[in-house]
Amino acid sequence: MKNRTKLIAAVVVTAAVAVPGTAFAAAHVFRPDPDRAHSFVTGETPLIADGVAIGKNVSWYKSSGLGPAASNTTPGASPEERYIPTDVFPGGELSDGVTLTEAQGINALTRIGDNLERAGLGYDDVISMRVFLQNPEGEEKMDFAGWNRAYRQFFANTNLSTGEVLDVQLGSATTEPMVVNDARPSRFALEVENLPVDGWLVEVEVDAVYPRSR
């Protein structure tokens, strides 16, 4: 009985201490402009945002999950090779150091751009992203480095302080990005056992917001 009394007293004291602290913290909580989304970004050239706060009046768009489009009809192409974008890699021939995941990532992100355009949006309006990666045939894990190279062709390729466009990697080469864009979406990436289409290594889903002027 004495132990129970002590426990109740401890809970009461803890609650009494915690409530003022919570109230104090609440007075300093960041609150976004009701009509805007605010990305929390650390540094001048980060890959992704730390997170995003979305105002209550923001109009936003959620894309479907999209993988790469089959465009490589080269005889003998494997299921994974069928999703090499031939407008970037003619004949399905990958440039030095380019991986299948990287090529498919470029393909999938191009489709995301088309999807956004139909909704009246662009890559710079993207605030969050979810990425699902499957390990290539014969590999034990997903090709996260290849995905990141593809991602930086479309996102996070400027210096936020100076506006300078950053060079990015395409396989082993250093190039200008395919789409210049300072947006840093919040993002997660998961390795999954199987994607829904045979040969897909990448699937991407994004959220984007409509600027107030639109």
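Let us begin with glutamate 102, which counts as buried because its relative accessibility is 0%, below the 20% limit used for that term. This is a predicted model, and glutamate 102 is placed in helix H2.

What does the side chain of glutamate 102 reach? Setting aside residues up to four places away in sequence, glutamate 102 touches Gly97, Asp143, Gly146, Arg149, Ala150, Gln169, Leu170 and Gly171.

I turn now to the nonpolar core. In soluble globular proteins, nonpolar side chains tend to be buried together. Here, the largest nonpolar core has 30 residues. Leu116, Met129, Trp147, Phe155 and Val204 are those with the most contacts inside it. Two or more residues come from each of helix H2 (100-118), strand S4 (126-134), helix H3 (144-152) and strand S8 (202-209). Among these elements, H2 gives the most to the core, namely seven residues.

Apart from neighbours within four places in sequence, its contacts are Leu109, Trp147, Tyr151, Phe155, Pro185, Ser186, Arg187, Phe188, Val204, Glu205 and Val206.

Finally, a word on confidence. The protein chain has a mean pLDDT of 89, with 86% of its residues at 70 or more. Across residues 1-25, however, the pLDDT is below 50, and this stretch has zero contacts in the model beyond near neighbours in sequence. Where pLDDT is low, the predicted coordinates should not be read in detail.

Conventions: Residues numbered from 1 in each chain as written. Predicted model: local features only at pLDDT ≥ 70, side-chain atom pairs only at ≥ 80, totals over all residues. Heavy atoms only, no water. pLDDT = per-residue confidence, 0-100. Contact = heavy atoms within 4.5 Å. Core = buried A, V, L, I, M, F, W, Y, C linked by side-chain atoms within 4.5 Å. Buried < 20%, exposed > 50% of the residue type's maximum accessible area, 1.4 Å probe, protein only. Helix = DSSP H or I, 4+ residues; strand = E, 2+ residues; numbered from the N terminus.
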